[in-house]
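Please have the sequence and the model open while reading.

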Amino acid sequence: MTLRILATIAISMLISLGSAQAGDIVIEHQYARAASPIAKSGAAFMHIMNNGTENDRLVAVRTDAATTPELHTHIMEDGIAKMREVEGGFEVLAGDATILERGSLHIMLIGLTRPFIHGEAITLTLIFENAGELTIDVPIDNERQGNMDMNMDHSNMDHSTMDHSTMENSNNN
Ligand SMILES: [Cu+2]
């Protein structure tokens, strides 16, 4: 076996472990987090790819990890960052990707049914308008830093506060 074949097998194994697919929808880079072991809520993030030719939409989420999963975004109101539920869900345009990330679109997990322990995983069922249901394992990663300077703490039920420790951290990087 050549190195090239071995590399191809290794890469395809990685892809099959790290992503999930239903129809033309592919999920990658998924993770969930909560601010602390006693947090009452958490959030999940991921990249949603639509490889098809028709637009789709994430309309709902089901999970046993939280009593009330909601599709959220962040808005600025009078200079204060707040979270809002997105009516109708998240659009996933054909041939495009919708990015769920900290400070932006996210799956809000209100009423956690058990502590979010780093390294464990939760199961989410994503319900798409066209592609139907897609159940994925989402690793819990409480240590990951956000990409943006405007990181919010999604795990805090007080929607008006920001995670200043995260902000300072990312500013230093
Ligand atoms: Cu939220």
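## Contacts of Pro139

Two residues are in contact if their C-beta atoms, placed from the backbone, lie within 7 Å. Leaving out residues up to four places away in sequence, Pro139 touches Tyr31 and Ala121. The model discussed here is predicted.

Pro139 is found in strand S11. Pro139 and Ala44 lie 95 residues apart in sequence, while their C-alpha atoms are 9.4 Å apart in space.

## Overall make-up and confidence

The protein has 2 helices and 11 strands. Read from the N terminus, the order of elements is α-β-β-β-β-β-β-β-β-β-β-β-α. Of its 173 residues, 27% count as buried. Among contacts between residues at least 6 apart in sequence, 68% join residues at least 24 apart.

The average pLDDT of the protein is 83, and 75% of the residues score at least 70. Residues 149-173 have a pLDDT below 50, and beyond near neighbours in sequence this stretch has 48 contacts in the model. Where pLDDT is low, the predicted coordinates should not be read in detail.

## The open sheet

An open sheet is made of 4 strands in the order S7-S4-S10-S11, and its pairing is antiparallel. Strand S7 (90-92) and strand S11 (132-139) are at the edges with a single partner strand each, so one side of each has no neighbour in the sheet. From one strand to the next, the twist averages 40°.

Within this sheet, strand S10 (residues 121-128) and S11 are joined in the antiparallel sense by 8 bridges. Ile122 stands opposite Val138 in S11.

## Hairpins and other pairings

Strand S1 (residues 20-22) and strand S2 (residues 25-33) run antiparallel and are joined by 3 bridges. Ala22 stands opposite Ile25 in S2. The hairpin of S1 and S2 has 2 residues between the strands, and Gly23 there takes a positive phi near 60°. S2 also pairs with strand S3 (residues 41-50), again in the antiparallel sense, over 7 bridges. Here Ile25 stands opposite Asn50 in S3.

Strand S6 (residues 80-85) pairs with S5 over 6 bridges, in the antiparallel sense. Ile80 in S6 is the bridge partner of Glu77. In the hairpin of S5 and S6, with 2 residues between the strands, Asp78 has a positive phi near 55°.

In soluble globular proteins, nonpolar side chains tend to be buried together. The largest nonpolar core of this model has 29 residues, of which Ala32, Ala43, Ala44, Leu58, Ile107 and Leu109 touch the most other members. At least two residues of this core come from each of S2, S3, strand S5 (66-77), S7, strand S9 (106-112) and S10. S3 gives the largest share, with 5 residues.

Which residues does Ala32 contact, leaving aside neighbours within four places in sequence? Ala32 is in contact with Gly42, Ala43, Ala44, Phe116, Ile122, Val138 and Ile140. Two of these, Ile122 and Val138, stand opposite each other in the pairing of S10 with S11.

Conventions: Residues numbered from 1 in each chain as written. Predicted model: local features only at pLDDT ≥ 70, side-chain atom pairs only at ≥ 80, totals over all residues. Pairing = 2+ DSSP bridges. Axes fitted to C-alpha atoms, helices over the stretch in contact; angles between N-to-C directions. Core = buried A, V, L, I, M, F, W, Y, C linked by C-beta atoms within 7 Å. Buried ≥ 20, exposed ≤ 12 C-beta atoms within 10 Å, placed from the backbone. pLDDT = per-residue confidence, 0-100.
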